[in-house]
Amino acid sequence: MKSQQGDPQTKLEAMELYLARSGLQVEDLDRLNIIHVTGTKGKGSTCAFTERILRSYGLKTGFFSSPHLVQVRERIRINGQPISRELFTKHFWRLYQRLEETKDSKSCVSMPAYFRFLTLMAFHVFLQEKVDLAVVEVGIGGAYDCTNIIRKPVVCGVSSLGIDHTRLLGDTVEKIAWQKGGIFKHGVPAFTVPQPDGPLAVLKERAEQISCPLYLCPQLEALEEGGPPLTLGLEGEHQRSNAALALQLAHCWLQQKDHRGIGQLMATRPSLLQQLPLAPVFQPTSHMRQGLRDTEWPGRSQVLRRGHLTWYLDGAHTSSSMQACVRWFRQALHRGERRGSSPEVRVLLFNSTGDRDPAALLKLLQPCQFDYAVFCPNLTEVSSTGNADQQNFTVTLDQVLLRCLEHQQHWRRLDEEQAGPDFWSAPSPEPGGPASLRLAPCPPHTHSSGSLVFSCISHALQWITQGRDPVFQPPSPPQGFLAHPVAGSGANVLREAAAIHVLVTGSLHLVGGVLKLLEPSLSQ
């Protein structure tokens, strides 16, 4: 199923035709009582919070999200769990055969592209399973996203906005806000978190154009007044904004469906921004508190502790989300700091794809003072056999390795800029081979810094763990694995370290590949 190019509006109309060919009409989707959520960062976490809150009320939930981390089935969840292999297989082939039977002989495209197919499949699964509601995360943008065939959601949400997918959505936050506001519907309540003035004005204009009541979420602190503080299942200060939006979405959904026990309203304050009316301030119920506390969303501000190794996994891939990731990582390091003279090592495992600016992301990571920076493609193994769920068929291995080498060069330049002239640098490597960074300490680092490129995630983890992770125990490394000076000396440091702190970031696909190897149960 290759991606299909063309006019965005035409592609959206084509999605409605695919829906009809699959045996559904857009009106059928109204039965799903949908919560539709978009945004640049935090939309997945917002959806996870919202789904978990409503499930705590005893409601049967559907949840469609993207991308998946390990298996494609993660994108379609019932009551928080990915659908079974059997259910996925049944609905996949049923939909495929239906589309095959109804294809137009004059058309050269009989099947929708990958994401559209999965979106259609999710709608069918949710209707078949008779969910009480479906939380639907937008793929990219909003206005022309294939999920936007939804005509009558119960409520819509817009999480924090920023720059991402510029080739598709535009190169300013205002242009991106216009796309995101495309999910607003006439008379359907919508909520957003505090945004910069420019994009907020665009969202307001988009809402007014179609008579969509748009509200600004109060800070989480306002909902905590008069009660105990809220405990979030997801770490990081930035998750408080996502939780505040989720509470409003869940509260509104319950209100629209005349559900009892939605929380006592408190005194409403005027909006400080004055551009939008402030959403209700209410006392979160015990179900809401439980939902927030029990939310799980792998690969976002996630910590795995394994003996001497601690893994920090966050799929941040925009400048703003990377800033949040760095704050979370540094705070987590500070909380877990061990008192003692034994050395602790910090390792960065990074990759970046698409039209993102890797140099900007890596610059934001510099204050973390990593001892080693490791770069690899989003491939769990060099061989892709049995790994179709995580394979990108649009690029070659040479292309992704070249990109990793470029990331390494960015890191070297940033390190050199930070340190000033360094006369103890290692000689330049052979073209195509991994490069080392400065081997002498320099401010603000307190010890040497090195970088390596590996051909796959498995090889990168083999070097980082040095056999010390109790779960990840791969076969012997390939020949010449420690041939590079940084790899050899670094291996000794890692073997002797009292603690190894590894931040995995830059790409959700990278995080997914790491989780697949560290948590084999996710592949079951």
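Contact here means heavy atoms within 4.5 Å. The model is predicted, so local features need pLDDT of at least 70 and side-chain atom pairs count only at pLDDT 80 or more, while totals for chains, interfaces and linings use all residues. Residues are numbered from 1 along each chain as its sequence is written, and side-chain values use heavy atoms, with hydrogens and water left out.

**Exercise 1**

Describe the surroundings of Thr295.

Solution.
1. Thr295 lies in the loop between helix H10 (286–294) and strand S9 (302–306); helices (H or I, at least four residues) and strands (E, at least two) are DSSP runs, numbered from the N terminus.
2. Its relative accessible area is 2%, so Thr295 is buried (under 20%; exposed is over 50%, partly exposed in between; 1.4 Å probe, protein chains only).
3. Leaving out residues up to four places away in sequence, Thr295 touches Ala48, Phe49, Arg52, Gly233 and Leu234.
4. The Thr295 side chain reaches the backbone oxygen of Gly291 at 2.7 Å.

**Exercise 2**

Which residues of H7 are buried, and how do they lie around the axis?

Solution.
1. The buried residues of H7 are Pro199, Leu200, Val202, Leu203, Arg206 and Ala207.
2. They cover an arc of only 160 degrees around the axis, so they are on the same side of H7; the arc is that of the directions from the helix axis to the C-beta atoms.
3. Strand S6 (155–158), H6, strand S7 (190–192) and strand S8 (214–216) are among what covers these buried residues.
4. Exposed Asp197, Glu208 and Gln209 are on the face of H7 turned away from its buried side.

How values were computed. Polar contact = N/O pair within 3.5 Å; in protein donor to acceptor, adjacent residues only side chain to side chain.
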